[in-house]
Amino acid sequence: MKKKTIACIAYVVLAFGVCVVPTVAMPFVDTEQTSENRTLKKMPSFKKEDGTWNQDWGTEFESYFSDHFAFRQDMADVYDTVLGATLKTSAQADVIIGKDDWLYYTPTVQDYVNEAKITEVGAKHIGHVLEMMQDYAEENGAKFIFTSAPNKNSIYPEYMPARYICSEQSDTLTLIEQALSNTDVCYCPLRAILSEQTEQKTTDVPLYHKWDTHWNNYGARIAFDALMDTAGLEHTDYTDVSYTIEQNWDGDLSQMLYPTSEKKDENVMYDYEPSYSYLGRFRSTDDLSIHTQNPTAQEQSLLMFRDSFGRALIPFLAEDFSSTTFLRADHYPMDTLEQTPSDVVILELVERNLQNLLEYAPQMPAPIVTIPEEPERVKTDTDATLQIEKNGNYLHLYGSYDADYANQDRILVTISSENGAKQTYEAFPCYEYAQMEQDAPLDNGYSLYIPTETFDASVQTVQITVLFNQHYRNLGTAGQFQLGANQ
């Protein structure tokens with residue numbers, strides 16, 4: 001047999017084996033694991049729930065097989081490694097390979113190149129949302145602090161690929177900081193504080209993980225100092241506490257890019273014995289609700305609304321507060337203060353998600369207000385809309401109004417019952433676009449929560465009024481609803 005023929009047969013056998021082995025091995029290896037932030041497809045059924053044949057079974061099985069063939073993660077790892085090593089390009093859409101093998105999260109690029117995700121009007125509304133949250137916290141005896149955890153490329157832009165060109169425009173956080181300068185909101189500027197640390201070269205220790213989205217324990221410690229200073233509280237000084245740098249961190253970005261790699265990222269490990277303990281059923285710092293106690297700490301309690309950046313803050317804050325509550329939610333449950341009084345309330349939100357403050361209204365009783373003058377009834381091009389939903393002991397009202405009045409200073413909702421009773425509430429200027437099944441938020445939204453016990457069984461009429469150019473304008477009726485007090 002000629003050598004050329006043998007080579008061709010060997011090539012065919014090899015190619016056939018490469019195609020067959022991942023299928024044959026499926027029953028014998030774990031095919032349910034993935035590093036991707038999504039749910040893998042399930043094995044489709046031949047019949048639908050109504051008993052009819054599933055005519056899309058072939059297409060659904062193809063999607064299932066693409067997610068579950070054997071050694072999928074290993075093959076992806078090899079491919080990503082070769083591509084990254086040769087072309088410095090990531091095969092994962094959400095991961096950017098930067099200089100010196102630094103990894104960045106793709107959804108932060110818009111902030112990095114100074115492309116704001118909100119308008120100046122939206123930033124103004126976010127400032128007012130935070131003002132209303134602060135007012136409510138102070139009414140309940142708590143000091144309110146807002147802060148934003150910076151994106152990694154805001155603190156370490158020097159490792160970003162040169163192909164990303166920054167514009168001269170203002171990014172989302174800058175617009176919000178400008179809006180906050182016109183308010184009395186207590187703001188802790190972590191981006192400026194952490195940037196100063198890196199620019200002045202005060203330490204050779206990185207503040208963020210190289211292969212992860214988040215700050216490391218060293219960066220979190222600096223954030224902790226800044227938050228406690230903003231709160232005006234004495235706190236543990238970790239400056240002289242010894243630490244070691246250990247390779248023990250599973251970087252979220254490296255896991256996405258190299259799913260089977262066991263290579264660890266560095267983290268800073270402080271050498272001290274914690275005094276706090278977790279209460280209730282604690283599983284991990286990713287829990288939606290975490291409670292701690294520390295009998296040796298100062299008699300101060302903390303309520304913190306946080307995201308994944310808050311994980312590294314938990315040990316520091318729990319060590320210096322006698323009790324803490326850490327919560328993760330889209331609609332921040334500010335009314336937690338009524339069941340769990342706290343001395344300090346911190347709202348921490350990562351830079352890349354700041355637009356969420358315009359999209360989800362905090363959950364708390366809407367402030368009752370009065371309109372000091374008779375509103376001028378104006379003709380609008382677009383009618384106000386109203387949607388309602390029952391949410392625990394609240395009725396959640398939300399909708400939109402004429403966009404010509406989006407640059408308002410206050411938005412008020414007046415609810416009148418058939419018996420003549422009338423009450424006016426101030427709404428958050430939030431556009432609940434997801435619940436209204438729309439593609440993106442706009443600046444002309446409103447949202448508020450009212451206790452259901454407020455309403456009798458009669459028809460309730462909802463009217464929208466805005467404070468616009470220093471005058472109150474009646475934008476008309478948004479809709480009606482009927483809800484019994486005991487429903």
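Buried means under 20% relative accessible area, exposed over 50%, and partly exposed in between (1.4 Å probe, protein chains only). By that rule Tyr 208 is buried, at 1%. Tyr 156 is buried too, at 7%.

This is a predicted model: local features need pLDDT of at least 70, side-chain atom pairs count only at pLDDT 80 or more, and totals for chains, interfaces and linings use all residues. Residues are numbered from 1 along each chain as its sequence is written, and side-chain values use heavy atoms, leaving out hydrogens and water.

**Aromatic pairs**

Rings of Phe, Tyr and Trp (its six-membered ring) pair if their centres lie within 6.5 Å; planes under 30 degrees apart count as stacked, over 60 as edge-to-face and the rest as tilted. The count comes to 23 aromatic pairs. Two of them are edge-to-face.

| Pair | Centre distance | Plane angle |
|---|---|---|
| Tyr 156 and Tyr 208 | 6.3 Å | 75° |
| Phe 224 and Tyr 238 | 6.0 Å | 75° |

Phe 224 lies in helix H9 and Tyr 238 in the loop between H9 and strand S5 (243-249), 14 residues apart. Helices (H or I, at least four residues) and strands (E, at least two) are DSSP runs, numbered from the N terminus. Phe 224 is buried, at 0% relative accessibility. Tyr 238 is buried at 3%.

Ring pairs also join Trp 102, Tyr 104, Tyr 156, Tyr 159, Tyr 208, Trp 215 and Phe 309 into a cluster.

**The sheet**

Seven strands form an open sheet with mixed pairing, in the order S4-S3-S11-S9-S10-S8-S7. Two strands pair if DSSP finds at least two bridges between them. S9 (residues 301-305) and S11 (residues 344-348) pair in the parallel sense over four bridges.
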